[in-house]
Amino acid sequence: MKKTLLILFCIIAITIYAQDKDYSFFTQKNQHSFSLEPLAVSYDYTYRFSEQFGVGARLKTGIGFRFPISTYIDFDIIDLVTLQIQYRFLFPEKFHLDIGPEVSIGTMDGFNDIIGLNYGFSAAGFYHHKRFQFGLRIHGVIYYDYYNEYNNDGIHKQSIEETVFEILITPIVIGFTF
């Protein structure tokens, strides 16, 4: 019962806080946000240089699922930590884009494969409603795939390393700006 009341209190407090009429994310010089992605959380900071442009960084941690556009439902692509340098483009009052290079520690084959570095480029689009933001991220990722080849007798023939480029999507990103 106490947990239910605590959750209800938090929801009410956030709702009241989000109704602040004087707040505009787009007029803030220092823009901060927390975002929830599937089983991961990220923090963004951007310094706004002009009315429509800012530069910042994003740090994401957790078990961040990203899905290939080709198959869409595939829970094997997991990021544990992601760092991105982002360029923010602000559009009139309700929408912004974050674009920039990213590096992540994770795996492209569930936890069956080794965990390594993935490099890429990410673009995210967000719609704002009061202090909340809703959006999605699209990632272009280069990763290295290692596997072994065996002959018919089960004897190791060779180890192969491939460089693979994959387009991935994080379909739901929900955030809170401050």
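Modeller: Go ahead, but keep in mind that this is a predicted model.

Biologist: Then let's start with the rings: which residues do ring pairs link into a cluster?

Modeller: F34, Y43 and F178 are linked that way. A search of the whole structure turns up seven aromatic pairs.

Biologist: What makes F34 and F178 an aromatic pair, and what kind of pair is it?

Modeller: The ring centres are 5.6 Å apart, and the cut-off for a pair is 6.5 Å, so the two qualify. As for the kind, the planes are 25 degrees apart; under 30 degrees counts as stacked, so stacked is the word.

Biologist: Which parts of the chain does that pair tie together?

Modeller: F34 sits in strand β1 (residues 30–37), while F178 belongs to the segment after β9 (156–177). The pair therefore ties together parts that are 144 residues apart in sequence.

Biologist: How do you know whether F34 and F178 are buried, exposed or partly exposed?

Modeller: Check the relative accessible areas: 43% for F34 and 31% for F178. Buried would need a value under 20% and exposed one over 50%, so F34 comes out as partly exposed and F178 does too.

Biologist: On to Q133. Why is Q133 called buried?

Modeller: Q133 has a relative accessibility of 2%.

Biologist: What joins the side chains of Q133 and S33?

Modeller: A polar contact of 3.5 Å. The cut-off is within 3.5 Å, so that value still counts.

Biologist: And which residues is Q133 in contact with, leaving aside neighbours within four places in sequence?

Modeller: Among them are S33, S35 and H96, then F126, Y127 and H128, and also the run V173, I174, G175, F176 and T177.

Biologist: What makes β7 and β8 a pair of strands, and which way do they run?

Modeller: Eleven bridges join strand β7 (residues 116–129) to β8. At least two are needed, so β7 and β8 count as paired, and they run antiparallel. F121 stands opposite G140 in β8, for instance. The two strands form a hairpin with two residues between them, and K130 in the turn has a positive phi of about 55 degrees.

Biologist: How many bridges join β8 to β9?

Modeller: There are 18, and those strands run antiparallel. Y144 faces T163 in β9 across the pairing. This hairpin has five residues between the strands, with G154 in the turn at a positive phi of about 85 degrees.

Biologist: Which residues make up the largest nonpolar core?

Modeller: Five residues: I77, V141, Y143, V164 and L168. The elements giving two or more residues to this core are β8 and β9.

Biologist: How do you know which strands β5 pairs with?

Modeller: Count the bridges again. Eleven join strand β3 (residues 53–65) to β5, with T61 opposite V81. β5 and strand β6 (residues 95–107) also have eleven, and Q84 has E102 as its bridge partner in β6. The threshold is at least two, so β5 pairs with β3 and with β6. Both pairings are antiparallel. In the hairpin of β5 and β6, E93 takes a positive phi near 65 degrees.

Biologist: Last one: where is confidence lowest in the chain, and where is it highest?

Modeller: Helix α1 (residues 2–18) has the lowest, with a mean of 53, and strand β2 (residues 40–48) the highest, at 94. The chain averages a pLDDT of 81, and 80% of the residues score at least 70.

Terms used: Residues numbered from 1 in each chain as written. Heavy atoms only, no water. Phe/Tyr/Trp six-rings, centres within 6.5 Å; stacked < 30°, edge-to-face > 60°. Helix = DSSP H or I, 4+ residues; strand = E, 2+ residues; numbered from the N terminus. Buried < 20%, exposed > 50% of the residue type's maximum accessible area, 1.4 Å probe, protein only. Polar contact = N/O pair within 3.5 Å; in protein donor to acceptor, adjacent residues only side chain to side chain. Contact = heavy atoms within 4.5 Å. Core = buried A, V, L, I, M, F, W, Y, C linked by side-chain atoms within 4.5 Å. pLDDT = per-residue confidence, 0-100.
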